[in-house]
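Take a look at the model below. We will walk through some strands and then a helix.

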Amino acid sequence: MNVLVIAAHPDDEVLGVGGTIKKLSRAGNNVKIVIMATGIKSRRSQKYSNSPKYEADNDTDKKMDKQISLLRDEAKRASKILGAKEIEFLDFPDNEMDSVSLLKVTKSIENQISSFKPDIVYTHTNFDVNIDHRVCYQATLVATRPHKGTKIKQVISYEVPSSTEWFFPSSFSPNIFVDISKEISSKKHALKAYKNEIRGFPHPRSVDALEHISKRWGTVSGFNHAEAFYLVRKLD
Ligand SMILES: [Zn+2]
């Protein structure tokens, strides 16, 4: 089976789907991760802080390029730990994906679908404070709309700790629970690959929090550790 994971930023794939990616890969499935945005915020002109224009100088550009490439190295390390077959990076603007037309984002996901031919697509949930996450969800819905002979059998949305739980009123209501008791250690290991993204407990993007969250979903589903998802659409 081919499984496509759409992630807005480097580390979303680990936080939301890390255990499941490991489990699917172990079972012999091909998992491809696509990171949509750079993960590094662009610097705006000081003078016009609300301007849509960027006035980054050469030094700032160089610094940003370096940060982006370091972050991508971390993402590659994490994807290896999880056993994903492939990881690809697109360059949508970080935390400003709503400044790009939904059509452009949709087209880029459609391109991934036509080349990789996934059976299952994982994407963000729409119930999330992060604008890039919501754009990815909406673009995935459009890109995966069913047609005659469609190969995609399931579209599944995932939560991202430090985004989804801060959407109020909370509306992420999972109906799929994956037992990741054997994969939780790889998930934690993969998060540690993101040296600059992880925080200390009680921040939700901490190694301890991952443990608590997977146990919390475990209490809902009868597993020691679980990841929780919402089934958006299934075709049988
Ligand atoms: Zn994110």
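Strands β5 (residues 154–158) and β7 (residues 226–234) run antiparallel and are joined by five bridges. Strands here are DSSP E runs of at least two residues, helices are H or I runs of at least four, and both are numbered from the N terminus. Two strands pair if DSSP finds at least two bridges between them. Ser 157 has Tyr 230 of β7 as its bridge partner. β7 also pairs with strand β6 (residues 176–179), again in the antiparallel sense, over four bridges. There, Val 178 stands opposite Glu 227 of β7.

This is a predicted model: local features need pLDDT of at least 70, side-chain atom pairs count only at pLDDT 80 or more, and totals for chains, interfaces and linings use all residues. Residues are numbered from 1 along each chain as its sequence is written.

Now turn to helix α2. Its 25 residues (58–82) should span 36 Å at 1.5 Å a residue, and its end C-alpha atoms are 36 Å apart, which agrees. The expected span is 1.5 Å times one less than the number of residues. After α2 comes Gly 83, with a positive phi near 85°.

Which helix packs against α2 at an angle of about 170°? It is α5, and the two axes are 8 Å apart. The axes are lines fitted to C-alpha atoms over the stretch in contact, and angles run from 0 to 180 degrees between N-to-C directions. α2 and α5 are therefore roughly antiparallel (angles over 145 degrees). Ala 78, Ile 81 and Leu 82 of α2 make the contact with Ser 186, His 189 and Ala 190 of α5 (C-beta atoms, placed from the backbone, within 7 Å).

Technical notes:
Angles under 35 degrees count as roughly parallel, over 145 as roughly antiparallel, 65 to 115 as roughly perpendicular and the rest as oblique. Two residues are in contact if their C-beta atoms, placed from the backbone, lie within 7 Å.
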